[in-house]
Amino acid sequence: MHIDILTVIPELLESPLQHSMMKRAQEKGLLSVQVHPLRKWAVNEYGQVDDYQYGGGAGMVMMCEPLAKAIEELSSSAAFDDIIYLTPDGERLNQKMVNGFSLKKRLLMICGHYKGIDERIRQQYVTREISIGDYVLSGGEIPAAILVDAIGRLLPGVLNDETSALTDSFQDNLLAPPVYTRPVDFKGWKVPDILMSGDHRKIEEWRHEQSLQRTAARRPDLLDE
Ligand code: ADE
C-alpha cells in the first residue's frame with residue numbers, strides 16, 4: 001500500500017508516522033507514506049497556496065491551482081484508488097470504511113486548512129470526503145495521521161498477532177471485552193475467576209457476553225446496525 005499526503009504543514013505528520021506500528025509497517029515494506037509540502041506547487045515565489053474567499057467572509061481558502069498541479073503530478077505515474085479529502089463535513093469514519101481502504105493499493109490524502117479547499121477541487125478530483133468525528137480541528141493533518149494509522153495496522157503482516165485486529169472493538173459492531181493482566185489481586189481488586197479457569201470455550205462465551213453488555217450500555221446504536 002502506498003499513501004501520498006498533501007499538506008501545508010508536513011512537520012505535523014512526521015512523528016505519528018515514525019513510531020510503533022507505522023514504523024514497523026514501513027520498515028517491513030508493507031506500507032510506504034510520502035508527505036508532500038503543498039507549497040512546492042505554490043502560485044508564486046512567496047509560497048502562496050491560499051486566498052480570500054469570493055463573496056466575502058473571514059478565513060482563507062486553499063486555491064485550485066496548487067492542488068490541481070500536485071494531484072496531476074502525483075497521479076501521472078499511477079492512478080489513485082481514492083483521493084481522500086479530510087474535512088469535518090465528510091462522511092464520518094468508521095471501522096468498515098477503514099477495512100475497505102486497507103484493501104486499496106494507492107491512496108492520496110489531502111489535508112485542508114483555514115476555511116478548506118476550493119469546492120471545484122472537491123468536485124473534480126476528490127473521490128471520498130472523510131471526517132474523523134463531529135468536532136472541528138485546525139487542519140486535516142491529525143485526521144490524516146489517524147486514517148493512515150487505522151489503515152496501516154490492518155495490512156497483513158503489520159500486527160504481530162495476526163488475529164488481534166479481528167478482536168478489536170467495532171470489527172463485528174461490538175465493543176471489545178475487558179482485559180486483565182498480572183497480578184491476579186491488586187489492592188483486593190480481583191481478576192474474574194472465569195479467566196483463570198483454563199476453559200477456553202467458557203472464556204470465549206464470557207467475553208462475548210461482556211462485549212454485548214458493554215455495547216448495549218455504551219453504544220446501543222451499534223447493535224441497531
Ligand atoms: N479537519 C478539521 N476537522 C476535521 C475533522 N473532524 N475530520 C476530518 N478533517 C478535519
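**Figure 1. A salt bridge between R207 and E204 within helix 7 of the predicted model.** In this predicted model, R207 and E204 are joined by a salt bridge in which the closest N and O atoms are 3.2 Å apart. Both residues belong to helix 7, where a spacing of 3 residues corresponds to about one turn of the helix. R207 has a relative accessible area of 34% and is therefore classed as partly exposed, and E204, at 47% relative accessibility, is likewise counted as partly exposed.

**Figure 2. The salt bridge between D199 and K202.** The closest N and O atoms of D199 and K202 are 3.9 Å apart, and the two residues form a salt bridge. The distance falls inside the limit applied here, because a salt bridge requires a side-chain nitrogen of Lys or Arg within 4 Å of a carboxyl oxygen of Asp or Glu. D199 counts as partly exposed at 29% relative accessibility, and K202 is also partly exposed, with a relative accessible area of 40%.

**Figure 3. R92 and D134, a salt bridge between distant parts of the chain.** Side chains of opposite charge can pair when their charged atoms come close. In this view the side chains of R92 and D134 meet in a salt bridge, with an N to O distance of 2.8 Å. The pair links distant parts of the chain, since R92 lies in strand 5 whereas D134 lies in the loop between strand 7 and helix 6, 42 residues apart. R92 is exposed, with a relative accessible area of 53%, and D134 is exposed as well, its relative accessible area being 63%. A search of the whole structure finds 15 salt bridges.

**Figure 4. The shell of residues around the ligand.** The ligand is surrounded by residues that include L86, T87 and P88, together with I130, S131, I132, G133, Y135, V136, L137, G139 and P143. Strand 5 (82-92) and strand 7 (128-131) each supply at least two residues of this shell, and strand 5 gives the most, with 3 residues. By residue type the shell divides into 8 nonpolar and 4 polar residues, with no charged residue.

Figure 5. A polar backbone atom of Y135 is found 2.8 Å from a nitrogen atom of the ligand. For I132, a backbone N or O atom lies 3.0 Å from a nitrogen atom of the ligand, and for G133 the corresponding distance, from a polar backbone atom to a ligand nitrogen, is 3.2 Å. Taken alone, the ligand exposes 260 Å², and the protein buries 96% of that area.

Figure 6. I146 is placed in helix 6, which covers residues 141-152, and at 38% relative accessibility I146 counts as partly exposed.

Figure 7. T7, found in strand 1 (residues 2-7), counts as buried at 1% relative accessibility, and its side chain makes a polar contact of 2.5 Å with the side chain of E141. R106, which lies in strand 6 (residues 106-111), has a relative accessible area of 14% and is therefore classed as buried. The side chain of R106 reaches the backbone oxygen of L74 at 2.7 Å.

**Figure 8. D193 in a loop, with the chain as a whole for orientation.** D193 is found in the loop between strand 9 (189-190) and helix 7 (200-218), and with a relative accessible area of 66% it is exposed. D193 and I203 are 10 residues apart along the chain, and their C-alpha atoms are separated by 9.9 Å. The chain has 8 helices and 9 strands, and its C-alpha trace spans about 70 × 40 × 35 Å along the principal axes. Of the 225 residues in the chain, 40% are buried.

Conventions
Residues are numbered from 1 along each chain as its sequence is written. This is a predicted model: local features need pLDDT of at least 70, side-chain atom pairs count only at pLDDT 80 or more; totals for chains, interfaces and linings use all residues. Side-chain values use heavy atoms; hydrogens and water are left out. A residue is near a molecule or strand if one of its heavy atoms lies within 4 Å of it. A polar contact is a pair of N or O atoms within 3.5 Å; within protein, one must be able to donate a hydrogen and the other to accept it, and residues adjacent in sequence count only if both atoms are side-chain atoms. Accessible areas come from the Shrake-Rupley method with a 1.4 Å probe; for residues, only the protein chains shown count as cover. Helices (H or I, at least four residues) and strands (E, at least two) are DSSP runs, numbered from the N terminus. Ala, Val, Leu, Ile, Met, Phe, Trp, Tyr, Cys and Pro count as nonpolar, Asp, Glu, Lys and Arg as charged, and the others, Gly among them, as polar. Buried means under 20% relative accessible area, exposed over 50%, partly exposed in between (1.4 Å probe, protein chains only).
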